Amino acid sequence: GVHDFAGGASVHVFGGINGLVATLFLGPRTGRFDETKPIMDFFPSSPTEQCIGLLCLWWGWIGFNCGSSFGITGDKWVVAIR
């Protein structure tokens with residue numbers, strides 16, 4: 001079975017349902033994907049900033065999950081890296 005250490009399942013289900021409801025409520029973005037804009041509008045602006053953002057998200061994830069669930073001591077990294 002699943003052992004939800006820090007309550008992440010309920011948080012992600014709640015966020016997913018809220019995102020779905022908001023998407024259904026707001027509807028599609030008109031004019032965004034109908035080929036009226038040049039293809040250059042869809043390219044990323046800065047790969048360096050994307051990598052920095054990815055590292056910030058990763059660091060926050062590993063810090064929150066390990067810190068809130070176990071503390072980072074002893075052999076608890078074994079469970080945290082699963």
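1. How many of the 19 residues of α1 are buried? The count is zero, and the helix is hardly covered. Val13, which lies in α1 (residues 8-26), illustrates this point: Val13 has a relative accessible area of 52%, and it counts as exposed because the cut-off for that class is over 50%.

2. A nonpolar patch on the surface deserves mention. Val13, Ile17 and Val21 form this patch, and together they have about 270 Å² of accessible area. An α-helix has 3.6 residues a turn, so residues three or four places apart point the same way.

3. The residue that comes just after α1 should be noted for its backbone. Gly27 takes a positive phi there, of about 80 degrees.

4. As for the overall fold, the chain contains three helices and zero strands. Along the sequence, the pattern reads α-α-α. Of the 82 residues of the chain, 5% count as buried. The accessible surface of the chain comes to about 7300 Å², and carbon and sulfur atoms account for 69% of that area.

5. The cysteines were also examined. A disulfide is a covalent bond between the sulfur atoms of two cysteines. With a cut-off of 2.5 Å between cysteine sulfur atoms, the count of disulfides in this model is zero. Are Cys51 and Cys56 exposed or partly exposed? Cys51 is partly exposed, at 47% relative accessibility, whereas Cys56 is exposed, with a relative accessible area of 52%.

6. The chain averages a pLDDT of 78, and 73% of the residues score at least 70. Where pLDDT is low, the predicted coordinates should not be read in detail.

Definitions and conventions: Residues numbered from 1 in each chain as written. Predicted model: local features only at pLDDT ≥ 70, side-chain atom pairs only at ≥ 80, totals over all residues. Heavy atoms only, no water. Helix = DSSP H or I, 4+ residues; strand = E, 2+ residues; numbered from the N terminus. Buried < 20%, exposed > 50% of the residue type's maximum accessible area, 1.4 Å probe, protein only. Areas by Shrake-Rupley, 256 points an atom, 1.4 Å probe, with all protein chains shown as cover. Patch = residues over 30% accessible without salt bridge, like charges linked within 9 Å, V, L, I, M, F, W, Y side chains within 5 Å. Salt bridge = Lys/Arg side-chain N within 4 Å of Asp/Glu carboxyl O. pLDDT = per-residue confidence, 0-100.
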